[in-house]
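Biologist: I have a new model open and would like to learn how to read it. Can you take me through it feature by feature?

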Amino acid sequence: MREPLPEAERRLRRRIRLLLLAVAAATALFVARAL
Amino acid sequence: MREGRTDRPPRGGSGLAPRAAAMLFLVLALAPLALAALSGEEPGGWHEEAGLALGLSALSLLLLQFAHAGRWPVVSGRTAIDVTMRFHRAAAILLLAFVLLHPLAFIAPLLLPDPWQGLARLQAMAASPRMTVGLVAWVALVATVLIALARRLIAYQVWRLLHGIGAAVAAAGAVWHAVSIGVYSGFRPLALLWWAGLGGAILLLLWSWGWKPWRLAAAGWRVSDVSPLGPGYWELRLTGGSDFRFSAGQFVWLAFGRALPWNDNPFSIASAPGCGHLHFVIREAGDLTSRIEALPVGLPVRVDGPHGAFTLDRAGPGPLLLVAGGAGIAPILSIARHLDAMGETRPVALLHCARSVSRLVCRAELAEIARRRCWRAMFLSEEDEAEGVARGMPDRQRLQALLAGWNPAEVGAMLCGPEPMTMAVARMLEEIGVRPDRLVYELFDYA
C-alpha cells in the first residue's frame, strides 16, 4: 500500500493541477460557444 | 587568483513571486483563446471549434514550456526550480493530450459512427500539402514528449539535445501551421502573439545554449581539488571564480571543460556563502559522477546558478530541524556551515541518515559544529552502527526526541534526501505538529 503524502506535498500538487485544469476548462468554454 | 564573492543575496531572491508567476502563466496561456473569441469569426460546428480550441491551447502551452524549463530567473528565481520543472512535466502531459486530440476532433462526426471512414479522412487530411508543416510539428511534439517520458533509457546529454531540438521544431512548425491555415490565427493580433511567442522561445533557447555558457566560461572557476569522502562519495572544490552570490542550500549546474551547453549537471553547494570557494559533495550515480575522480586540477568549470529555493528564509524564525539523507547532506552542510559562521543562536537539531556509517560523510565536522553550538544531533545508519551512530531509519520517536521541549508549530524543518525518505519524514513531522508551510524540501529528478 502506498503511504499517504504529506499535506505540504498535497498542496503543491493541488496547485499544479488547478492551474492546468483552468486551461482545460477555458478550452472547453471556448468550444461551448458553438453549442 | 581572484577571490570569489559569495555573499548572501537579498532575502527572497529575484524574479516573480510564485502567485504572480502562476497568474502570468494563466494570462498568457489563455490569451490566444481570448483573442480568438474576440476575432469576430463566427463559431463553426462543435467538433471544428473543439479542434481549433485544442490547437490554440496546445500551442500556447508549448511556447510557455520554454519559459518553465529555461532556468530563467524571472520564472524560477523565487518559485523553486524543482517546482517549475514539475509543472513543466505536468503541463507536458496536458499538452500531449491536446495535441493528440487536435486532429481527431475535426473528424469526430465521422470517427464516432464509422471509425474506418474517419481514419480514411484523417489520412487524406495528413496527405494534403497544406498540412505538411503541421504534421511535422505534430510528430516532433509527440516524439519529444514520448522521449522525455523514456529519458532514463537514453544518455542524459543526448536526451537534453533531442529535447531542445524537438521542442524548437515543434514550436516553429506549429506557429507556421497556425498562422498559415488556422481559422482564428489569421486575426492579426493573434498572429502577432504567435510570432512573438515563438521569437521569445527561440531567444530563450539561444540564451541557454549560446550566450549563457559563453559568459559563464569567462567567470574563471576551476577545479582545485577532488578527494574521496566515503564509498562512492567525492568532495569537489572549485576556486578562482568571481562575483558569485548564493544562499546556503542553493545549487548550481556544472559543466566541466569543453562540455557542450546541454551537458551540464545539477549539484548542491556544500560550502557556506562568503568563504571564497565552492565545495560540493558528489555521489557516484550517473555517467558524469562516475568520472569525478578523473577531473584534473585546473580544469575550467562553467557554474550556472545559483538556483533553488531550499533556503533558510522559507523555514521561518523558530527552532530549526535539518534532515539529510545520503547525498542530501550537501545543502544541509552548506546551511550548517553558514549558521556556524554566522554564530546562529536559535535552537537547531540535525538528523543525518545514510546506508552505512562510512557514508555519513563529513560526520566529524557536523558533530563538532553541533557540540560547539549546542545543537541536537543524531546520526543514523541503515546497515551498521558505531560510536555516536545508531542503527536504523528516521521514525516518529526519533523525530520527537529531536524536537523535545520545542513547540512543533514554531519549528521550521529543512529536508533533503531521497524522495521516499523526504516524504515519510515530512508526513511524520506534520503528525507531530510541524506546520506544512514550515516544511522546506526540494525533489530533484533530472536523470
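The dialogue below goes from whole chains to single residues.

Modeller: One caution before the details. This is a predicted model.

Biologist: Start with the chains. How many helices and strands does chain A have?

Modeller: Chain A has one helix and zero strands. Its C-alpha trace spans about 45 × 20 × 10 Å along the principal axes. Of its 35 residues, 17% count as buried.

Biologist: And what does the secondary structure of chain B come to?

Modeller: Chain B comes to 13 helices and twelve strands. Its C-alpha atoms fill a box of roughly 75 × 50 × 40 Å. Buried residues make up 43% of the 447 residues in chain B. Take the contacts in chain B with a separation of 6 or more: residues 24 or more positions apart account for 74% of them.

Biologist: How do I read the interface? How many residues of chain B are in contact with chain A?

Modeller: Count residues on each side, then ask which elements supply them. Here 30 residues of chain B are in contact with 22 residues of chain A. On the chain B side, the elements giving two or more residues are α1 (18-37), α2 (46-69), α4 (81-106) and α13 (419-432).

Biologist: Which domains does the assignment give for chain B?

Modeller: The assignment gives domain 1 (18-214), domain 2 (222-307) and domain 3 (312-441) of chain B. Take domains 2 and 3 as the worked case. The C-alpha centres of domain 2 and domain 3 of chain B lie 24 Å apart. At their contact, 16 residues of domain 2 meet 16 residues of domain 3.

Biologist: Which element gives the most to the domain 2 side?

Modeller: β5(B) gives the most, with three residues. On this side, β1 (222-230) and β5 (278-283) of chain B each supply at least two residues. The domain 2 side has eleven nonpolar, four polar and one charged residue.

Biologist: Now strands. How many bridges join β1(B) to β2(B)?

Modeller: For a strand pair, look at direction, bridges and the connection. Seven bridges join β1(B) to β2 (residues 233-239) of chain B, and the two run antiparallel. B:G230 stands opposite B:Y233 in β2(B). The pair forms a hairpin with two residues between the strands. In that turn, B:G232 has a positive phi of about 80°.

Biologist: And where do side chains go in a strand?

Modeller: In a regular strand they alternate between the two faces of the sheet.

Biologist: What is the strand order in the open sheet of three strands?

Modeller: The order is β4-β3-β6 (chain B), with antiparallel pairing. β4 (265-268) and β6 (301-307) of chain B are at the edges with a single partner strand each, so one side of each has no neighbour in the sheet. Neighbouring strands of this sheet are turned by 30° against each other on average, direction ignored. Four bridges join β3 (residues 251-256) of chain B to β4(B). B:F251 stands opposite B:S268 in β4(B).

Biologist: Next, a helix. How many residues of α10(B) are buried?

Modeller: Eleven of the 14 are buried, so α10(B) is largely enclosed by the rest of the structure. Among the buried residues are B:I332, B:R337 and B:H338. Length is a second check. Helix α10 (residues 329-342) of chain B reaches 20 Å from its first C-alpha to its last, close to the 20 Å expected. B:G343 follows α10(B), with a positive phi near 65°.

Biologist: Which residue other than glycine has a positive phi?

Modeller: B:C362 is one, with phi near 60°. B:C374 is another, also near 60°. B:C362 lies in the loop between β8 (348-354) and α11 (363-373) of chain B. B:C374 is in the loop between α11 and β9 (376-381) of chain B.

Biologist: Is B:C374 buried or exposed?

Modeller: B:C374 has 9 C-beta neighbours inside 10 Å, so it counts as exposed. B:C362 has 23 C-beta neighbours inside 10 Å and counts as buried.

Technical notes
Residues are numbered from 1 along each chain as its sequence is written. Chains are lettered from A and ligands numbered from 1 in the order in which they are written. This is a predicted model: local features need pLDDT of at least 70, side-chain atom pairs count only at pLDDT 80 or more; totals for chains, interfaces and linings use all residues. Two residues are in contact if their C-beta atoms, placed from the backbone, lie within 7 Å. Domain bounds come from an automatic or database domain assignment. Ala, Val, Leu, Ile, Met, Phe, Trp, Tyr, Cys and Pro count as nonpolar, Asp, Glu, Lys and Arg as charged, and the others, Gly among them, as polar. A residue is buried if 20 or more other C-beta atoms lie within 10 Å of its own, exposed if 12 or fewer, and partly exposed in between; C-beta atoms are placed from the backbone. The expected span of a helix is 1.5 Å times one less than its number of residues. Two strands pair if DSSP finds at least two bridges between them. Axes are lines fitted to C-alpha atoms, for helices over the stretch in contact, and angles run from 0 to 180 degrees between N-to-C directions.
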